[in-house]
Amino acid sequence: MTKKTPAYGARAAKAPLAPMTIERRDPGSHDVEIEILYCGICHSDVHKVNDDWGTTHFPVVPGHEIVGRVLSLGASASRFREGDLVGVGCIVDSCRTCPECRAGREMFCVEGVTFSFDSLERDGQNWTYGGYTANMVVDERYVVRVPKGLDPARAAPLMCAGITTYSPIRRFGCKRGDQVAVVGLGGLGHMVVKFGASMGADVTVLSGSRDKEKDAARLGAKRFVATKEPGALEALEGTFDLIVDTVSAPHDLNMQLTLLRNFGTMVLVGLPPASTPLDAAMLIHGNRRLAGSNIGGIPETQEMLDYCGKHGVVADVELITAKQINDAYARMERGDVHYRFVIDGASFGA
Ligand code: NAP
Ligand code: ZN
Ligand code: ZN
């Protein structure tokens, strides 16, 4: 049995998002049925609708920054109760038995992870639909608990922007006094500022223009640099222990590498549609490291949420209704985000 659910999705590449009806399965024995309260808009949703990565299956219903309330539980689901505030991010299933799944790195499941949207279910036939809907049914293993005290709308972006930045910041290290830079002040970028500042680092924002300068200081950054101003980057050579690059469009990585101290790390989380040339000399000089980071597994997502609960870290959001999704996409493509659009789940209509 399935349940008809109102959603917003795109029927073809670059098509505007429009209302559609999708089917949700009835909760199986280990499933949790969730009323979606809020869903953030990640730039990956925009890339997917544009088919920037050439992998999108249409129609697509994006959305992977979900916070909601548990409506009902399958007979054997025991981790949550009705009414609990929960989150769902990018991952809704995996094989559960491979070494990566057992280590809690489900995004690297050797049998292929099932993402919350535009992904084949384990049956190899049905496509997943994401959070731009009124409700969702997810196996409880892939559902996390939102700590009390976090505003649910502002917690929704933690489910992707939060974990995608927390994970590499933890892995590569960030402590009091470290010099950390973030390239691009959007959804992911503003979380780097918040996490970095909460860990005591001195965070520098590298942004395309001066438009976001005041915001950067309010978010916790110590310094703001407009990268397109002449000489702006040259002045920062050899400065940073860690650079987190969140930019969604192709740009010069070689110049950015020169901003690292010896043994410093630049980690890429932005996933532009085209590749960028890399000059080996930029890495070899100064023993610099270039790394990538792919979201984060379920246990680390819970760890990140608990950290946010303890330190009061949440996203800065602009709350919108479903009808405003296309405007939000257009603004994101211009870099005009302050700093995450979050859709009110009630606006999908039950
Ligand atoms: P976003 O909110 O749209 O922010 C991206 C920022 O990049 C913009 O605000 C802008 O900041 C900067 N930018 C520079 N040149 C740009 C251009 N030509 N067009 C648009 N923005 C430009 O995006 P997001 O949601 O943070 O996502 C950023 C990237 O990370 C995307 O490519 C997304 O697919 C990827 N992502 C990766 C993972 C992962 O697992 N690695 C997870 C989630 C998202 P300034 O105005 O400050 O320059
Ligand atoms: Zn995302
Ligand atoms: Zn696996």
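The points below take up the ligand site, the packing of helices and some details of the backbone.

The model is predicted. In it, 30 residues surround ligand 1, and the protein buries 86% of the 910 Å² that the ligand exposes when taken alone. Two pairs of helices, α4 with α9 and α1 with α10, are roughly perpendicular.

**Surroundings of ligand 1**

- The closest of the residues around ligand 1 are H43, L185, S207, K212 and R340.
- By class, the shell around ligand 1 consists of twelve nonpolar, 15 polar and three charged residues.
- Two or more residues of this shell are given by each of the elements α1 (43-50), α5 (187-198) and α10 (325-333).
- The largest share, three residues, comes from α1.

**Polar contacts of ligand 1**

- L185 places a backbone N or O atom 2.7 Å from an oxygen atom of ligand 1.
- L188 has a polar backbone atom 2.8 Å from an oxygen atom of the ligand.
- S248 takes part through its side chain, a polar atom of which lies 3.3 Å from a nitrogen atom of ligand 1.

**Packing of α1 with α10**

- The axes of α1 and α10 are 10 Å apart, and the two helices pack at an angle of about 100°.
- Because angles of 65 to 115 degrees count as roughly perpendicular, α1 is described as roughly perpendicular to α10.
- On the side of α1, the residues that meet α10 are H43, D45, V46, V49 and N50; on the side of α10, they are Y329, M332 and E333.
- This contact of α1 with α10 has four nonpolar, two polar and two charged residues.

**Packing of α4 with α9**

- Helix α4 (residues 161-172) and helix α9 (residues 298-311) have axes that come within 10 Å and cross at roughly 95°.
- The pair α4 and α9 is therefore roughly perpendicular.
- From α4, the contact is made by G162, I163, Y166, S167 and R170; from α9, it is made by E300, T301, E303, M304 and Y307.
- By class, four nonpolar, three polar and three charged residues form the contact of α4 with α9.

**Backbone details**

- Most residues other than glycine have a negative phi, and most peptide bonds are trans.
- K14, which is not a glycine, has a positive phi of about 70°; K14 is located in the loop between β1 (2-9) and β2 (18-25).
- The peptide bond from F58 to P59 is cis, and its omega is near 0°; P59 belongs to the loop between α1 and β4 (66-73).
- H338 and Y339 are also joined by a cis peptide bond, with omega about -10°; the place of Y339 is the loop between α10 and β17 (340-344).

Terms used. Residues numbered from 1 in each chain as written. Chains lettered and ligands numbered in written order. Predicted model: local features only at pLDDT ≥ 70, side-chain atom pairs only at ≥ 80, totals over all residues. Heavy atoms only, no water. Near = heavy atom within 4 Å. Polar contact = N/O pair within 3.5 Å; in protein donor to acceptor, adjacent residues only side chain to side chain. Areas by Shrake-Rupley, 256 points an atom, 1.4 Å probe, with all protein chains shown as cover. Helix = DSSP H or I, 4+ residues; strand = E, 2+ residues; numbered from the N terminus. Nonpolar A, V, L, I, M, F, W, Y, C, P; charged D, E, K, R; others polar. Axes fitted to C-alpha atoms, helices over the stretch in contact; angles between N-to-C directions. Parallel < 35°, antiparallel > 145°, perpendicular 65-115°, else oblique. Contact = heavy atoms within 4.5 Å.
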